[in-house]
Amino acid sequence: MTRAIETSQLTKQFGDFVAVDGVDFYIPEGEIFGLLGPNGAGKTTLMRMLCGIMRPTSGEGRVLGLDIVRDAEAIKKRIGYMSQLFSLYNDLTIVENIAFYASIYGVPRETRRKRVAQVIELTGLQGLENELTRDLSGAWRQRLALACAIAHRPPILFLDEATAGVDPVSRRAFWDLIYSMAGEGVSVLATTHYMDEADYCNTIGMMYRGRLIAVASPDTLKDQQPGILYQVDCDRPANAIEVLQLQPGVMDTSFHGALLHVTVEPNGEFSRLEKTLKQQGIEVRSIEDIQPSIEDVFLNLVDEERVTAQSVKVE
Amino acid sequence: MDRLWSVVKKELLHIWRDPRTLGLILLLPGMLLILLGYGINFERRNIPAAVADLSKTDASREYIEYYTASQDFELVYDAASEQEILDLIDQDLVNVGLLIPEDFGRKVATGESASVMLYVNGASDPSDVSAIQLKLNAISQMAAQEILIERIQSTPAAASLQLPINASSLTLYNPDGVSYLFMIPGLIPILLQVQALILSALAIVKEREQGTMEQLIVTPIKSWELMLGKLIPYLIVSVLNLFALLWLGDILFDVKIVGNLWELVGLSMIFIVGSLGMGVLISNLSRTQMQAIYMAIFIVLIPAIILSGLLYSRGNMPIVTYIYSELLPVTHYLEITRGIMLRGVSAAMLWSSTLPLILLSVIYFISSVFTFRKRI
C-alpha cells in the first residue's frame with residue numbers, strides 16, 4: 001500500500017524548545033489518522049512542516065512521495081488544509097470565498113463554477129451562497145472552511161483542530177463528511193485535543209511534549225491497556241477512593257462524575273475489593289468492567305512517560 | 001494569470017465592501033490639497049516692523065517711507081528706543097526693527113554720511129530671514145542712491161548723470177510668483193505617496209494578523225501573483241486620486257498642465273507602482289499592522305515631506321541626507337510633476353529624474369516579491 005505521509009526523525013526546534021522531537025510515522029492512503037495530544041504538544045507544528053510552510057530543523061518527511069523541504073510548492077498543489085481559525089475572508093460571500101480558493105488551487109475556469117456548486121452541495125451550504133462570511137455561525141464557517149479546502153479535490157486533507165469551538169451535533173456531521181471523503185480514497189491527517197474524536201480515526205498517534213508516544217488503532221490502544229478497568233457506583237465515593245487506593249492489586253483510581261474508575265491488575269478480582277468497601281460501611285450499588293476511553297489511555301501513557309523521564313533523570 | 005486576476009478581484013471586493021474606507025481614500029487627499037494649496041504661502045508680505053525714529057525730521061520720515069512704500073514691511077510699532085525694538089523682537093511681535101539716530105536729519109542735510117541700524121530676527125525660518133535681509137539691503141541701497149542722486153542733481157554736473165547699470169529681471173513660468181503654482185505640483189506627489197504607502201503597507205500584514213495568510217501560504221499561489229494582485233487594485237485607486245487632484249488643481253487653483261497629460265499619467269503610474277512596492281516591502285517586514293504604520297511614517301512619509309524638495313531645496317543637504325532623499329521615488333517624481341505641469345518639459349528631457357524613478361520603482365517592486373516568504 002502506498003503511503004500518503006511518511007516521516008523519519010522529523011524534528012523542529014525553536015531556540016532551546018523542542019516542539020517536535022524525532023517523530024516517525026506514516027499514513028497509508030485513504031486512512032484517517034488522528035493526532036491527539038494536549039495544547040502545546042507539537043501537533044500543529046508537525047502539521048505545518050508536512051504542509052511545507054515550516055522548515056524542519058532536522059529529519060525528513062514525505063507527502064505523496066514529495067519531500068517536504070525540496071518540493072514544498074509541489075506539495076501545496078496537492079493538499080487541502082483547514083486550520084482551527086477557519087481563516088476565511090469575512091467580507092466575501094460563501095461563493096466568493098470558495099471560488100477564490102478554487103482558482104488559487106488552479107481549478108480551470110471552465111469547470112470552476114460547477115465545482116464550486118458541487119462543494120457547496122457536499123458541505124450542505126445550499127441556500128447560503130450569497131451570505132457574507134461574517135454573518136455565519138461557527139458551524140457554518142467550519143463547513144465553508146472545509147469547502148474551501150476541498151474545492152480542488154485534494155487527495156490528502158490536513159485538518160488542524162478543525163472542530164474547535166463547534167457544537168457536538170455539527171462535529172458529528174463534520175466527521176460524517178470526512179468519513180465519506182475517506183471512503184473515496186482521500187487520506188486525512190487531523191489534529192484534535194477532543195479525545196472522543198479519536199474514535200472517528202483509523203489510527204491515532206498520541207503526542208506529548210513533541211514526541212509521538214503511541215501509534216495504533218483506537219481499539220488496539222484500549223486493549224493494550226494493562227489491567228482491567230471497573231466502573232464503580234457507590235455511596236461516599238470520596239471515602240471509597242481513599243480506601244481503594246491503599247489496596248494491593250489496585251493500579252489506578254479516578255473520578256468520573258459521581259462514579260469511580262478503578263484499574264485492577266489483570267489477574268485481580270473485584271469481589272475482594274467490594275468486601276473491603278462493605279467492611280468500611282460503603283454500599284456498592286453496581287460494578288461493571290468497561291473498556292477504557294481514549295482519555296484513560298492517554299492519561300496512562302502520559303503517566304508512563306513521566307515515570308520514564310524521571311528514571312532517566314535519576315540515572 | 002487566472003490566479004492573479006482572482007487576487008485582484010478579491011482585493012477589489014475588500015475595497016468595495018468597505019464603503020466608508022473607500023470614501024476616505026477618495027476624498028481625503030482632495031481635501032488636503034485644498035487645505036494645503038490655500039494654506040501654504042511662501043511669499044512674505046507685510047512683515048511686521050518697528051521703527052524708532054529718534055531724529056523726527058522730514059528726512060527721517062521720507063527715509064522710513066522707502067521701507068513702507070512696498071507691501072513688504074508693515075509698520076506696526078512706533079518704538080521710542082533701541083531697547084524697545086529689541087524687546088519687541090524678543091516678544092516675537094515684530095521681525096524687523098529700524099533705528100534712526102537723533103543726528104540723522106542733520107547729517108543728511110549737511111551732506112555727511114548718516115547711519116541707521118537695521119535689526120532682523122534671525123530666530124525665524126532661515127529662508128525668511130535671508131529673504132528679509134535681501135529686501136532690507138535692496139531698499140536701503142535704493143534709498144541711499146536716490147538721496148545721492150538728489151544731492152548731485154543740485155550741482156552743475158547733474159545733466160549727464162545716469163545710473164551706470166540698469167538691470168531688470170524676468171521670471172519665467174511663474175511670473176507673478178504665485179506660490180500655489182509651485183505648491184500644487186509638489187503636493188500631488190506627496191499626497192499620492194501617503195495614499196499608496198498606507199494602503200499597501202497594510203496589504204500583507206493585515207492578512208497575517210487576521211489569520212488568512214496561513215491559509216494563503218499553504219496554497220500553490222506564487223509570490224509575484226500575490227504581490228501584483230494586491231498592487232493592481234491600489235494602483236487603480238491611486239490613479240483615480242491622481243485625476244481628482246489634477247482636476248482640483250485646475251478648477252480651484254487654475255494650475256493647468258503645460259506639458260503632456262499622458263506622459264504625466266504614465267510616469268505617475270510608475271511612481272505609484274514604486275510606492276506601492278515600498279509599502280508591500282514594509283508589510284512583508286512587519287509582524288503587526290502597528291509596526292507597518294510606524295515604518296511607513298518614520299522611514300518614508302516624514303522624509304518624503306521634508307527631504308523631497310517640496311519645501312526646501314535639496315542642494316545644500318549634507319551628503320547622507322541627500323543620498324537618502326535620492327532613494328525616495330517621490331523626490332524624482334516631484335521633479336517630474338513640476339517639470340511637466342509648470343514648465344511643459346517633455347518626459348525625455350527629464351531623464352535625470354525619470355531614469356532613477358523607473359529604476360527605484362522596479363527595485364522596490366522586485367524586493368517586495370522576494371521578501372515575501374511562503375512560510376511561517
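Let us start with helix 4 of chain A, whose buried residues are covered by, among others, helix 3 (94-104) and helix 5 (138-150) of chain A. Helices (H or I, at least four residues) and strands (E, at least two) are DSSP runs, numbered from the N terminus. This is a predicted model, in which local features need pLDDT of at least 70, side-chain atom pairs count only at pLDDT 80 or more, and totals for chains, interfaces and linings use all residues. Residues are numbered from 1 along each chain as its sequence is written, while chains are lettered from A and ligands numbered from 1 in the order in which they are written.

Which residues of helix 4 are buried? In chain A they are A:Arg112, A:Arg115, A:Val116, A:Val119 and A:Ile120. Buried means that 20 or more other C-beta atoms, placed from the backbone, lie within 10 Å of a residue's own. The end C-alpha atoms of this helix (residues 109-122) of chain A are 20 Å apart, and this agrees with expectation because 14 residues at 1.5 Å a residue should span 20 Å; the expected span is 1.5 Å times one less than the number of residues. Just past helix 4 of chain A, A:Gly124 has a positive phi of about 70 degrees.

Now look at A:Ala147. Leaving aside residues up to four places away in sequence, A:Ala147 touches A:Ile98, A:Val119, A:Ile120, A:Thr123 and A:Leu125. Touching, or contact, means C-beta atoms, placed from the backbone, within 7 Å. In the largest nonpolar core, of 143 residues, A:Ile98, A:Ala147, A:Ala151 and A:Phe158 touch the most other members. Helix 7 (residues 179-201) of chain B gives the most to this core, 14 residues. Such a core is a set of buried Ala, Val, Leu, Ile, Met, Phe, Trp, Tyr and Cys residues joined through C-beta atoms within 7 Å. A second, separate core has 23 residues, including B:Ala52, B:Tyr67, B:Val108 and B:Leu136.

That brings us to chain B, which has 15 helices and four strands. Its C-alpha trace spans about 95 × 45 × 40 Å along the principal axes. The radius of gyration of chain B is 29 Å, whereas a compact globule of 376 residues would have one near 21 Å; this radius is taken over C-alpha atoms, and the globule rule is 2.2 Å times the number of residues to the power 0.38. Chain B is divided into domain 1 (2-40 + 177-370) and domain 2 (47-149), with bounds from an automatic or database domain assignment. The centres of these two domains of chain B, taken over C-alpha atoms, are 48 Å apart.

Note on methods
Buried ≥ 20, exposed ≤ 12 C-beta atoms within 10 Å, placed from the backbone. Contact = placed C-beta atoms within 7 Å.
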